[in-house]
Amino acid sequence: MLAELRGLNEECGVFGIWGNPNPAHLSYYGLHALQHRGQEGAGIVVSDGQHLRAVKGEGLVNDVFNEEKLKAVDGKAAIAHVRYTTAGGGGIENVQPLLFHSSTGSLSIAHNGNLVNATHLKQYLERQGSIFHSSSDTEVLAHLIKKSSHSPFRAKVKNALSLLKGAYSFLIMTKDEMLVARDPHGLRPLSLGKLGDGWVVASETCAFDLIGAEFVRSVEPGELLIINDEGVKSDRFADMENRAMCAMEYVYLARPDSDIDGINVHMARKRMGKQLARECAHIEADVVTGVPDSSISAAIGFAEESGIPYELGLIKNRYVGRTFIQPTQELRERGVKMKLSPVVQVVKGKRVVMVDDSIVRGTTSRRIVKMLKDAGASEVHVVISSPPMTDPCYYGIDTSTHEELIASSHNVDEIREAIGADSLTFLSVEGMVETIARPYEDENRGLCLACFTSKYPTEIFPDTILPHEKELLR
């Protein structure tokens with residue numbers, strides 16, 4: 001099961017637009033804004049009111065699309081996707097949006113997240129005669145919709161969504177309408193915007209800013225939006241359960257200029273940095289530097305709170321992607337050497353506080369610490385603006401086994417020794433929750449903290465399809 005999940009896990013970005021004369025071109029810009037969420041594949045499916053047409057490929061957005069391709073598929077609406085895959089889940093057949101044709105019409109789906117019951121649903125559907133053309137869990141939804149005996153189409157979608165467990169933000173498009181769904185816990189972000197007379201949906205609000213759209217609101221957990229030429233209608237396919245937005249969206253995944261459920265990511269990270277400084281006030285140092293890019297906000301907050309000056313001690317090569325989302329460990333390690341360089345005159349002879357957002361496997365941290373010491377830093381104190389990641393994520397981030405997580409088998413001092421730091425401090429769970437400051441009153445303030453606490457908001461490995469679910473599958 002774990003091996004199968006590793007092949008399906010993904011952290012992606014979705015974008016959709018309805019009621020605009022240039023949907024393909026605007027989707028291209030929207031995907032540029034979401035490029036940080038996936039760098040291995042991109043796709044756009046456009047509706048002209050009669051047909052759905054796709055353009056997609058492996059690689060970065062700029063590699064996949066050009067003016068000729070975009071002009072060939074323009075219409076009045078589109079859904080789009082940037083994909084990150086783990087080992088075993090690559091290939092053009094898995095690049096989204098997935099597009100399906102049948103005698104009853106065409107259907108396209110884009111998905112951000114991971115379905116923890118996809119394997120059992122897929123096995124059940126195959127026994128019923130379904131044939132799958134990809135290894136993506138997204139395809140399961142298409143088969144569930146097609147198999148449903150409900151009517152009209154949106155009832156089929158609601159029935160299919162009710163069978164899914166895990167994290168998902170779905171965009172589902174036919175020639176007539178776009179349906180937008182967010183899982184009942186709201187594990188993955190999804191927002192609704194307005195552009196002229198049209199509507200826009202995106203994983204992050206930074207995509208709205210790039211195309212000049214106005215943010216309207218977040219899509220609610222368990223909500224189904226129906227967008228067509230008549231406007232937007234809100235429905236529900238499930239009651240909202242305990243809110244559980246992935247905390248790593250605020251820590252690492254999202255762009256700092258995005259707002260997630262009303263919280264600006266940069267400001268949340270800055271508050272986390274300030275709280276981290278309060279929790280490790282014992283550190284004496286000469287300079288604070290952040291590991292670019294996702295740690296810069298926290299480093300600024302740490303410097304402001306501690307009074308230790310902030311400096312650019314590490315410079316990023318802008319033409320190299322994130323090491324965390326490279327598909328193999330060999331590529332991750334090679335990427336660290338390529339993407340970061342120390343500023344020798346800033347760190348030489350100095351006691352350096354190195355702020356980073358997380359430690360996953362520990363290899364990147366070890367290389368950066370060594371890089372700073374090789375550049376002459378007299379001490380390197382590593383401070384992390386999140387708690388130790390002790391447990392796997394099954395909701396779409398590439399940490400699906402305990403073996404991949406150094407904090408799962410090592411205490412803080414053992415990790416400090418492994419990465420070669422003079423000291424190591426993690427932000428407390430309580431400090432992270434309070435400084436993200438989501439406006440909810442439950443214990444976790446509406447956050448999923450599973451990778452830090454092992455308390456998962458959903459069942460992780462549903463081992464069977466329940467009798468009432470079989471009824472829904474008929």
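Guide: Asn20 counts as buried because its relative accessibility is 12%; buried means under 20% relative accessible area, exposed over 50%, and partly exposed in between, with a 1.4 Å probe and protein chains only. This is a predicted model, in which local features need pLDDT of at least 70 and side-chain atom pairs count only at pLDDT 80 or more, while totals for chains, interfaces and linings use all residues. Residues are numbered from 1 along each chain as its sequence is written, and side-chain values use heavy atoms, with hydrogens and water left out.

Asn20 sits in the loop between strand S1 (13-18) and helix H2 (23-33). Helices (H or I, at least four residues) and strands (E, at least two) are DSSP runs, numbered from the N terminus. Leaving aside residues up to four places away in sequence, Asn20 touches Leu26, Gly75, Lys76 and Leu195, where contact means heavy atoms within 4.5 Å. Leu195 is 175 residues from Asn20 in sequence, yet their C-alpha atoms are 8.2 Å apart. The side chain of Asn20 also reaches the backbone nitrogen of Asn22 at 2.8 Å.

Another loop, between S5 and S6, holds Thr104. Thr104 counts as exposed because its relative accessibility is 67%. Its side chain makes polar contacts with the side chains of Ser102, at 3.0 Å, and Lys146, at 2.9 Å. A polar contact is a pair of N or O atoms within 3.5 Å; within protein, one must be able to donate a hydrogen and the other to accept it, and residues adjacent in sequence count only if both atoms are side-chain atoms. Thr104 and Lys146 are 42 residues apart along the chain, with 9.5 Å between their C-alpha atoms.

The second largest pocket has a volume of about 630 Å³. Of its 25 lining residues, Ser102, Thr104, Gly105, Leu107 and Lys146 are the closest to its centre. On a 1 Å grid over the protein atoms alone, a pocket is an open set of points with protein on both sides within 12 Å along at least five of seven lines, and lining residues have an atom within 4 Å of a point. Grid points are joined across faces, edges and corners, and a volume is the space filled by probe spheres set on the points. Helix H6 (138-147) is among the elements that each supply at least two lining residues, and H6 gives the most, with 5.

Key
On a 1 Å grid over the protein atoms alone, a cavity is a set of points where a 1.4 Å probe fits but cannot get out, and a pocket is an open set with protein on both sides within 12 Å along at least five of seven lines; lining residues have an atom within 4 Å of a point.
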